[in-house]
Amino acid sequence: QVQLVESGGGLVQAGGSLRLSCAVSGRYVMGWFRPSPGKERGAVAAIGLQSDNRTYADSVKGGFTLSRDYAKKMVYLQMDSLKPEERAVYYCGAARRYTATLVVKEYVNWGQGTQVTVSS
């Protein structure tokens with residue numbers, strides 16, 4: 001079973017930036033998620049096995065950038081221009097497929113989460 005370990009959360013002022021990291025062994029589609037109204041985990045962004053295959057939730061387009069480094073076995077979520085309402089525990093997930101997807105049920109493995117706090 002794949003193990004995922006998130007890091008990089010913390011406290012930042014509104015308008016600031018954070019970079020979340022997820023350590024993953026193996027080749028999986030990777031996604032980032034956070035709770036959203038009515039959902040335990042709402043999709044934020046996902047990246048396919050090909051690094052240029054990425055998709056984002058409408059709410060984060062233009063502000064968040066997802067990337068991966070196979071050599072380092074890491075997936076990164078760069079979050080810029082953070083807003084207070086984006087405060088949440090962020091989770092990375094792994095899906096056994098080829099292309100990126102924001103469909104939560106496709107993800108079968110999860111990390112423990114990392115807290116992001118944005119002060120106003």
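A polar contact is a pair of N or O atoms within 3.5 Å, where, within protein, one must be able to donate a hydrogen and the other to accept it, and residues adjacent in sequence count only if both atoms are side-chain atoms. The model is predicted, so that local features need pLDDT of at least 70 and side-chain atom pairs count only at pLDDT 80 or more, while totals for chains, interfaces and linings use all residues. Residues are numbered from 1 along each chain as its sequence is written, and side-chain values use heavy atoms, with hydrogens and water left out.

Arg-68 is placed in strand 7 (residues 64–69), strands being DSSP runs of E with at least two residues, numbered from the N terminus. A polar atom of the Arg-68 side chain lies 2.9 Å from the backbone oxygen of Gly-48, and the side chain of Arg-68 also reaches the backbone oxygen of Tyr-28 at 2.9 Å.

The structure holds three aromatic pairs, a pair being rings of Phe, Tyr and Trp (its six-membered ring) with centres within 6.5 Å, where planes under 30 degrees apart count as stacked, over 60 as edge-to-face and the rest as tilted. The rings of Phe-33 and Tyr-107 have centres 4.8 Å apart and planes at 75°, so this pair is edge-to-face. Because Phe-33 lies in strand 4 (residues 29–36) and Tyr-107 in strand 10 (residues 107–110), the pair ties together parts that are 74 residues apart in sequence. The rings of Phe-33 and Trp-110, with centres 4.9 Å apart and planes at 70°, are likewise edge-to-face.

Terms used
Helices (H or I, at least four residues) and strands (E, at least two) are DSSP runs, numbered from the N terminus.
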